[in-house]
Structures are given as C-alpha cells and as structure tokens.
Amino acid sequence: YLHTIYLGIRSRQSAENDRWRFYWRMVYEYADVSMLHLLATFLESAPQLVLQLCIIIQTHKLQAVQGITAAASLVSLAWALASYQKALRDSRDDKKPISYLAVIIQFCWHFFTIAARVVTFALFASVFQLYFGIFIVLHWCIMTFWIVHCETEFCITKWEEIVFDMVVGIIYIFSWFNVKEGRTRYRLFIYYFMILE
C-alpha cells in the first residue's frame with residue numbers, strides 16, 4: 001500500500017513525461033495489492049463469518065458485537081471482490097474502466113450472493129458438523145480442479161499457478177470470481193449450475 005501511495009504521489013509531482021510512467025506503475029501495483037487483499041479477505045473473513053453465524057444459530061443468542069463483526073466481514077468480502085474488479089479494469093488499456101455505479105451494483109451482487117451462501121453454510125454446519133466438513137473439502141476440490149482445467153495464467157511457474165488455483169478455489173466456495181480472459185457467460189452458467197446442485 002505504501003509503495004502504491006508513493007507511486008501516486010510521484011505521478012502527481014513529476015514532470016509531464018514521467019507522470020504517466022509513475023501513474024501506470026501505481027495502477028498496476030494497486031491491482032496487485034487488490035488481488036492480495038482479495039485473497040487475504042477470503043482466507044480470513046469468509047471462514048470466520050461462517051463460524052460466527054454457526055455459533056449464533058447454535059446458541060440462539062446474538063450480541064451486538066457479534067452482529068457488527070459479522071456484518072463487517074460480509075461487507076469486507078463483497079467490497080474485496082468489487083474493488084478488485086475495479087482495479088483490474090483500471091489497469092487494462094484494452095478495457096473501459098468500470099464506473100462507480102457499476103462498482104456499487106457489483107458490490108450489491110456479491111454482498112447478497114455471499115450472504116446467501118454463508119447463511120446456507122452456517123445452517124448446514126450447525127446441523128451436520130461432520131458432513132459439512134466433508135462437503136466443504138469436496139466442494140473446494142471440485143472448484144480447484146475446474147480452475148486448474150481453465151488454465152489460468154497468473155503466475156510464472158506451473159506449481160505456483162496450481163497453488164494460486166487452490167487459493168482461488170476457496171473463493172469459489174463463496175462467490176464467482178473470473179480467473180480467465182474471455183467470455184464468461186458459459187463459465188458463470190456452469191458455476192451457478194454446480195452451486196445449485
């Protein structure tokens with residue numbers, strides 16, 4: 001974050017010929033920071049949110065702090081996806097930037113999708129603890145194999161790419177996230193079809 005801010009300041013203070021060089025370095029670095037934030041958010045907040053809701057369901061008690069932290073986690077997850085899409089599109093020369101209205105619509109879409117999935121998982125986990133663990137591991141394996149099959153191109157080596165795909169498989173447990181260039185209509189249909197099953 002600090003280096004991204006530094007590049008932004010340098011682009012503002014530089015002469016016209018260096019301004020764009022610093023600006024584009026800042027935009028690319030911000031897209032990378034957004035990706036890391038997205039991964040960290042889903043690795044931390046998503047499982048914690050399911051656990052919090054499961055505890056609330058089993059104890060039949062909702063304290064104010066629990067409600068606030070659960071809501072903050074849900075907002076954080078939806079915002080991480082929407083802000084990453086904005087940063088990614090801003091870093092591409094061949095794509096038009098996403099408007100702020102579109103970011104708000106994406107945020108709402110991810111918010112309600114993740115909320116539905118998390119509540120479903122919490123209800124399922126509160127009744128079937130062991131089966132929920134088996135289901136999540138199986139779901140993660142299917143999503144990871146599907147992402148590996150898509151042949152993503154984010155990392156330098158094949159092993160790094162597989163580890164990346166495994167982490168993105170965790171995101172796919174909770175929400176759709178585009179990992180491959182090209183048309184997404186059929187992949188989105190397949191994803192929601194698998195989620196519906």
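A crossing of two helices counts as left-handed if the near helix is turned anticlockwise from the far one by less than a right angle, and as right-handed if clockwise. Keep that in mind for the helix pairs below.

This is a predicted model, where local features need pLDDT of at least 70, side-chain atom pairs count only at pLDDT 80 or more, and totals for chains, interfaces and linings use all residues. Residues are numbered from 1 along each chain as its sequence is written, and side-chain values use heavy atoms, with hydrogens and water left out.

**Overall picture**

The protein chain has seven helices and zero strands (both are DSSP runs numbered from the N terminus, with H or I over at least four residues for helices and E over at least two for strands). The C-alpha trace spans about 65 × 40 × 30 Å along its principal axes. As for pLDDT (the predictor's confidence in each residue, from 0 to 100), the chain averages 86, and 99% of the residues score at least 70. Among the elements, H4 has the highest mean, 93, while helix H7 (residues 185–196) has the lowest, 80.

Two packed helices are described by the angle between their axes and the distance between the axes. Here the axes are lines fitted to C-alpha atoms, for helices over the stretch in contact, and angles run from 0 to 180 degrees between N-to-C directions.

| Pair | Angle | Axis distance |
|---|---|---|
| H1 (residues 2–13) and H2 | about 160° | 8 Å |
| H2 (residues 16–59) and H4 (residues 100–127) | about 50° | 8 Å |
| H2 and H6 (residues 158–174) | about 50° | 10 Å |

For orientation, angles under 35 degrees count as roughly parallel, over 145 as roughly antiparallel, 65 to 115 as roughly perpendicular and the rest as oblique.

Start with H1 and H2, which pack at about 160°. That makes H1 roughly antiparallel to H2, and their crossing is left-handed. Contact here means heavy atoms within 4.5 Å. On the H1 side the contact includes His 3, Arg 10 and Arg 12, and on the H2 side Arg 19, Arg 25 and Glu 29. By class this contact has six nonpolar, four polar and five charged residues (Ala, Val, Leu, Ile, Met, Phe, Trp, Tyr, Cys and Pro count as nonpolar, Asp, Glu, Lys and Arg as charged, and the others, Gly among them, as polar).

Next, H2 and H4 pack at about 50°. That makes H2 oblique to H4, and the crossing is right-handed. Among the residues in contact are Phe 42, Val 50 and Gln 58 of H2, plus Ile 114, Phe 121 and Ser 126 of H4. The tally is 13 nonpolar, two polar and no charged.

H2 and H6 are oblique to each other too, but H2 passes H6 in a left-handed crossing. From H2, the contact includes Phe 42 and Val 50, along with Pro 47; from H6, it includes Phe 164, Ile 170 and Phe 174.

**One salt bridge**

Side chains of opposite charge can pair when their charged atoms come close. With a salt bridge taken as a side-chain nitrogen of Lys or Arg within 4 Å of a carboxyl oxygen of Asp or Glu, the count comes to one. It joins Asp 90 and Lys 86, at 3.4 Å from N to O. Both partners lie in helix H3 (residues 64–90), four residues apart, or about one turn of the helix.
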